[in-house]
Structure formats: structure tokens, C-alpha cells
Amino acid sequence: MAAATNVKTTVEELPESRVRVAAEVAPQEVQRRVNEAAGKLGRDLRMPGFRKGKVPAPVVIQRVGRDAVLDDAVRATLPRWYVEAIDEAGLKTVGEPDVELGDLPAEGQPLTFTIEIGVRPTATIGDIAKLDVTKREPEVDDAAVDEQVETLRQQLGRLETVEKTSENGDFVVIDFKGSIDGEDDERDYFSGGEGRDHLLELGSGQFIPGFEEQLVGLKAGDEKVVELTFPEDYGSAPHLAGQPAQFEVTVNEVKAKQLPELDDDFATEAGGFDSIDELREDIASRMREADERKIEAEFREAALDAVVEGATVEIPDSLVEARAQELWDQMLHSLSHRGITKDAYLRIAQKTEEELLAEARPDAEQALRREAVLAAVIEAEAIEPSDGDILDALQDTALQQGVAPEKLRKRLEQQGRLDELKEDLAQRQAVELLAERAGGTPAAS
């Protein structure tokens with residue numbers, strides 16, 4: 001890989017599953033990045049005799065100064081060199097690194113930096129030739145099937161206008177307009193607080209707490225001033241959080257859901273079956289298949305944990321804390337894609353970041369133990385995915401991207417990501433091996 005030619009490393013083991021990596025970037029790589037940085041600076045540099053954006057790199061270096069250009073180059077490329085150093089050293093890191101840069105090198109000299117970081121601990125495993133792990137039998141009870149049938153029934157229900165007062169579970173069609181206290185006893189109508197012919201299910205929790213409850217017992221044509229207070233953690237409109245408000249509501253219609261009879265006609269409409277018994281049998285079959293998949297996943301995890309239980313793995317607290325922080329950061333990154341900020345999540349959870357990190361520690365420690373044990377199993381059993389395994393794993397992605405698996409494999413290799421895929425496949429194969437050896441003793445009934 002490119003990392004092996006650009007960056008050379010030596011690794012020193014430190015206490016508590018940490019290492020110090022001394023990295024050296026080859027002089028030609030440093031010069032190449034300096035030239036790139038100079039080229040970027042030259043795009044905006046105006047000099048007599050040169051068109052804008054066409055100043056050669058050597059002229060830029062002479063004009064600006066090599067140290068200034070080198071500083072730009074190092075700032076831009078150090079993250080890449082860090083990754084190459086970790087890859088070249090073959091480390092599986094945990095937590096944030098402590099990177100220390102050496103003096104900026106003279107021309108023709110290598111650049112040096114050091115990294116201190118936690119690494120995956122090593123495990124000593126016991127005999128894994130035969131494992132004793134129980135496997136439960138799939139089960140689907142009538143109550144679960146009844147619940148699925150009722151869900152289908154609710155989905156096929158039809159709303160019909162009724163001449164009665166509203167109850168929880170009914171739907172109302174309403175006009176509403178919300179306001180808060182303004183100046184001189186005037187009402188201040190706020191943006192987003194108005195709707196016309198809005199269909200609302202009473203008891204659904206669609207509106208803020210206290211709103212739907214005050215519409216129970218009304219009939220078409222009734223008007224009501226709903227008084228309530230916005231929640232303190234109201235994130236949709238923070239300026240309204242904690243504010244007392246009024247909603248002027250007019251009920252246009254009251255609707256009730258009319259549910260179909262549980263007969264053969266319902267079975268036909270719900271799924272194209274001739275009878276309700278056939279529908280129930282199909283639901284039970286699909287639920288049993290889903291439970292079987294869940295059982296297999298549980299069994300693989302139990303087989304791995306059986307080996308973890310008998311293994312010796314020393315995991316310092318600092319490593320557990322680092323992994324817990326990683327898990328927390330990953331969750332925040334995932335939440336951000338759904339538009340949920342860290343502060344909003346903390347309000348929802350009603351806990352501090354420190355409390356949530358403490359709760360994540362057991363999962364973090366178990367994850368580290370599993371990773372260490374899987375690495376030991378892979379080494380002990382000489383597990384190495386074949387080219388065929390790699391191409392099989394790439395089939396679906398290659399099909400989605402419209403390329404041949406071989407081409408996708410080559411692309412991953414050029415990007416330095418093939419080893420990551422190989423390790424993932426090796427871990428899966430190690431888990432499968434443990435599951436095969438566990439056999440699966442049926443759980444006692």
C-alpha cells in the first residue's frame with residue numbers, strides 16, 4: 001500500500017494497552033506535498049511576469065518562504081500521514097490519539113512525528129474445540145398473532161363522520177389558532193400555530209401535552225379555547241418553551257373508525273387469503289421465520305460470549321472510557337443525520353453526558369473483550385478470507401453500483417480499504433466457526 005512507501009514506523013509498547021508510534025515521512029513525500037501547497041498558494045498570488053494562477057511552485061516557495069509553505073503542507077496532510085502510519089504499523093486503535101509533531105525538516109530531510117494511543121487488547125483463549133451453548137426453540141403464541149391481525153384490522157378501518165361527542169380514539173377535524181400573551185393585553189399569534197381542517201386522533205399524542213385531552217366531549221360545531229403551557233424542552237420552537245398559550249379551536253367534524261369484521265372477506269382484503277384461518281397461518285409462519293433469524297443471531301452471540309467468558313483479557317479502565325466515548329460519538333453522529341442535536345438528546349434522555357457515558361461502559365468493555373477474543377480465534381484458527389469470499393461479499397454493492405465485483409475489489413485496494421473488509425469477513429467467519437462448534441443444545445423446556 002501507499003502507506004508503506006510514504007511513512008515508516010516503529011512501535012513501542014506502553015503500559016495499559018497503549019503504544020507510542022514513531023513515524024517518519026519520506027523526504028520525497030514531504031517535497032511532493034510542499035509542491036502541492038505551493039501550487040494552491042500560486043492560484044491566488046499575483047506576480048509580475050506571470051498570469052494569475054500560473055505562478056510556478058518554485059517561484060511561490062521563493063516568494064513566500066519554504067517554512068511557510070511547508071507549514072501549510074503539514075497542516076493539510078498530517079491527518080493523512082497519521083492514517084498511513086497507523087495502517088503501516090498494523091494497529092487497531094481505541095480512543096483519541098496524542099500526536100506530537102517534530103521540528104519542520106530542512107529540504108531533503110524526512111518529517112517525523114509521534115503518536116500515543118490506546119490499542120485493542122490481546123486475549124488468551126481456552127479450548128474452543130467444543131462449546132456448550134443452548135439454543136431456544138422458535139415460538140409464536142396466539143396472542144402475538146391476534147395482535148398482528150388487529151393491527152391489520154386497524155389499518156383497514158374506515159373513518160366515518162358521526163353525530164356524537166368525541167371520545168379518546170375518535171378523530172376530529174379542527175380549525176385552530178394559537179397565541180401567547182402580548183403587549184397591552186393583546187394576543188400574540190405565533191407562526192406555525194394555525195391550521196384548518198386538520199385531522200387529529202384524540203389520544204395519539206400528536207399535539208403537545210394537554211391539547212387533545214381538552215377536545216374530548218365536544219361535537220361538530222363546538223368551539224373551545226384550549227389553555228396549556230408549552231413543555232420546557234420544546235425543541236420545535238425554543239422561543240415558545242415554557243410559555244402559557246391559548247388555542248382557539250373549532251370542531252368541524254367528529255369521525256370514528258369503523259373496523260371490518262374478522263371474517264373471510266377481511267382475510268381476502270388484508271392479504272388475498274380465502275379464509276381468516278389462512279391469514280392467521282401466514283402471519284404465524286412469518287413471525288416464526290423472524291424468530292428463527294433472531295434465535296440464530298442470539299446463538300452466534302452466545303457462542304462468542306462463551307469463549308469470552310473463558311478467556312483472559314486485561315482491559316484497563318482508560319481503554320473502557322475511550323471506547324465508551326467512541327460509542328457516544330458514533331451515536332451523536334447518527335442522531336445528527338436525523339436532525340437531533342446532542343442537547344436535544346440529553347433533554348429527551350433526562351440525563352447528563354457523564355451519566356450516559358457511565359451507562360455505556362459495560363457495553364464498551366464487552367465490545368473490547370469480544371474484539372480481542374475474535375482476533376485470538378482468527379490467529380489460532382488461521383482464518384483468512386479467500387478471494388472468492390471477498391468477491392461474494394462485494395456482490396450486492398457491486399450490483400447496486402453497476403460495476404463488476406473484481407473492479408470494486410481493485411478500487412477498495414487502491415483506497416487502502418481492502419484490509420478493513422478482510423478483517424470484517426474474518427470476524428464473521430470466526431463467529432460462524434464458534435457457532436458450528438457450539439452446536440446448539442436445545443434449551444430445557
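**Note on the predicted model**

1. Strand β8, spanning residues 171–181, contains S179; the model is a predicted one. S179 counts as buried because its relative accessibility is 1%, under the 20% cut-off. The side chain of S179 makes a polar contact with that of R187 at 3.0 Å. Leaving aside residues up to four places away in sequence, S179 touches R187, D188, Y189, F190, A245 and Q246.

2. Y189 has a charge over its ring: the charged end of K177 sits 4.5 Å from the ring centre. Likewise, K135 lies over the face of F299, 4.6 Å from the ring centre.

3. There are 10 aromatic pairs in the structure. One of them, F230 with Y234, is tilted, with 4.9 Å between centres and 50° between planes. F230 is buried at 4% relative accessibility, whereas Y234 is partly exposed at 23%. W328 and Y345 form a tilted pair, 6.1 Å centre to centre and 55° between the planes. This pair links distant parts of the chain, with W328 in helix α8 and Y345 in helix α9, 17 residues apart. W328 is buried at 5%; Y345 is partly exposed at 22%.

4. F230 and Y234 also belong to one aromatic cluster, together with F176, F190, F207, F211 and F247.

5. The largest nonpolar core has 34 residues, of which V313, V373, V377, I383 and L434 touch the most other members. Helices α7, α8, α10 and α14 each supply at least two of its residues, and α10 gives the largest share, 9 residues. Beyond four places in sequence, V313 touches P121, T122, A123, R369, A372 and V373. Another core, of 27 residues, lies apart from this one and includes A23, V25, I117 and V119.

How values were computed:
Residues are numbered from 1 along each chain as its sequence is written. This is a predicted model: local features need pLDDT of at least 70, side-chain atom pairs count only at pLDDT 80 or more; totals for chains, interfaces and linings use all residues. Side-chain values use heavy atoms; hydrogens and water are left out. A nonpolar core is a set of buried Ala, Val, Leu, Ile, Met, Phe, Trp, Tyr and Cys residues joined through side-chain atoms within 4.5 Å. Buried means under 20% relative accessible area, exposed over 50%, partly exposed in between (1.4 Å probe, protein chains only). Helices (H or I, at least four residues) and strands (E, at least two) are DSSP runs, numbered from the N terminus. Contact means heavy atoms within 4.5 Å. A polar contact is a pair of N or O atoms within 3.5 Å; within protein, one must be able to donate a hydrogen and the other to accept it, and residues adjacent in sequence count only if both atoms are side-chain atoms. Rings of Phe, Tyr and Trp (its six-membered ring) pair if their centres lie within 6.5 Å; planes under 30 degrees apart count as stacked, over 60 as edge-to-face and the rest as tilted. A charge sits over a ring if NZ of Lys or CZ of Arg is within 6 Å of the ring centre and within 35 degrees of the ring normal.
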